[in-house]
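Student: I am new to this structure. Please take one part and walk me through it closely.

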Amino acid sequence: MEPLTLLVLSVFALGQGEGCQLQSSTSEVAKDWWQTAQFYQIYPRSFKDSDGDGIGDLNGITSKLEYLKDLGVTAAWLSPIFTSPMVDFGYDISDFFDIQPEYGTLDDFRALIKRAKELDLKIILDFVPNHSSNESVWFQKSVKREKGYEDYYVWHDGKVNAATGKREPPTNWLQYFRGSAWEWNEERQQYYLHQFAVQQPDLNYRNPLVVEQMKRVLRYWLNEGVSGFRCDALPPLFEVLPDAEGQFPDEIVSGATEDSDDRDYLTTTYIENQPETIDMVYQWRKVLDDHKRIYGGNSSVLLIETYSPAWFTMQFYGNRSTEGAHLPFNFNLITVMEQKGLSASNVQEAIDLWLKNMPAGRTANWVLGNHDKRRAASRYGTEHIDAMTMLVMILPGASVTYQGEEIGMTDGEISWEDTVDPWGCNSNPDIYEQYTRDPARTPFQWTGGSNAGFSDGASTWLPLADGYETVNVQTELAADRSHLKIYKALVALRKTSKTLQNGSTKYGVISEDVLVVRRSLTNSPSMVGVINFGTEAKTVDLSEFDGSLTSSLKLLIRSLDSSKVDG
């Protein structure tokens, strides 16, 4: 194929991303619903407020399910909605079997499930297995050493300092939210482990009663009609076993930071990524599969949050004899860019890290953001958000969207005085912005009107992000072209294209800034994504990527800033 000339159908003078069509090959296979799904994460507190208290709730979500259906979403994952003191905004659960009152009631939840089923939308819940709230009745009973609860949590006598005679924590382990991972309980006269906030004591998964209790949680919500679970914070689920004297080992200084309160100050060899965690996920998968075997219906999906290295993460999928998680979350498009910056070669590295390590026969997934990370448009730049959306929609497997990515929402500016995230609050005014997750949790922007259409109340639980007057659903639906319309077009293409659902994948960098992805399927149109991660328009010769490409390509979808013409 000769080098392509400046023709619309054969050369791309790119904005930030373009999709095109041509003929090619491979074979089609049947897939379960989750293997090509569009998952959409809802942070309930910030999605839609139905009662004017400035806090999102279940009825608000129900009122917007038709929006999700219109987007083309397959399943909505709800961040925790369970009873909680809200120290960590739902990730400190006091009752795993009931709904947080400010979010609604069990009847409200059942109404949400009913409406979702009418719209053929699946609902997935956040499962928070590592810890409970210290206000949980389980913890209160454990403090009192009540029968059956004595070892529900990780308790330890600590050590006596030979020089001072004072009792000290058992180890130097650090929590995620800064400071010691051990807290003294005066009533029980022991320390308890908390890898997150002081108010989030770690459950003891070496206790069979705890294992069975958490399986009860899964069965309960499956019986309420949910279609699966996203499992929160899996790496710290188990700690290394203590030695013969009952002592745990100290971690060593990592050299990653000089801040001795930061978790990264120490290694996490003994408190993360233990082999027992893998087996526990396999047990949870069996709970889901047994439920389907007994009651029928569609598969329920198990999604796993883990920022672990590939050698550990890939084990979550299962092995030759045992099924594990359907989808361990793939955060490479977040983490690699955080470490190295956004470029075509770094994006290729992120893709390689997953696809070249994933066991054969498993399903990939692609995540751009979540409630714990700065918003995608703020990390990648608003000029690249369409490109990144195109990337996750053309790559094989499932995609995961965090609420607001589809309209290009950016981080809110949250002052120290308005900061509520415990990770930020446990720091200080000089460094809180390094830790706070509040900027990615500002209310969803439905309109350009009062409170961005999120709430009719006098105020909202977090301040609105700047720019909501123009970056919102109402405005973008009315526009001729917008991030939202591009997102919808990409999802629609992905849902209807057999090539994107079942085709083989080829990808590579063809210039400093340009990545090309080709999906091919026998007897179906091939799909080619050409994505420019630079700041200037580029002209590329696609034959450098694939000499079999024809010189007649049809432009299907282009980024908002692109000057190309569809067709």
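Tutor: Let us look at a pair of helices. This is a predicted model. Helix H8 covers residues 332-340, and helix H9 covers residues 344-355. Their axes come within 9 Å and cross at roughly 135°. Angles over 145 degrees would count as roughly antiparallel, and 65 to 115 as roughly perpendicular. H8 and H9 are therefore oblique to each other. Their crossing is right-handed.

Now the residues that meet. H8 brings Asn332, Leu333, Val336, Met337 and Lys340 to the contact. H9 brings Asn346, Val347, Glu349, Ala350, Leu353 and Trp354. By class, this contact of H8 with H9 has seven nonpolar residues, two polar ones and two charged ones.

Next, the sheet. Eight strands form an open sheet with parallel pairing. Their order is S14-S13-S12-S6-S3-S2-S16-S15.

Three bridges join S15 to strand S16, residues 398-402. S15 and S16 run parallel. Here tryptophan 366 stands opposite serine 399 in S16.

Methods: Residues numbered from 1 in each chain as written. Predicted model: local features only at pLDDT ≥ 70, side-chain atom pairs only at ≥ 80, totals over all residues. Heavy atoms only, no water. Pairing = 2+ DSSP bridges. Helix = DSSP H or I, 4+ residues; strand = E, 2+ residues; numbered from the N terminus. Axes fitted to C-alpha atoms, helices over the stretch in contact; angles between N-to-C directions. Parallel < 35°, antiparallel > 145°, perpendicular 65-115°, else oblique. Left-handed = near helix turned anticlockwise from the far one by under 90°. Contact = heavy atoms within 4.5 Å. Nonpolar A, V, L, I, M, F, W, Y, C, P; charged D, E, K, R; others polar.
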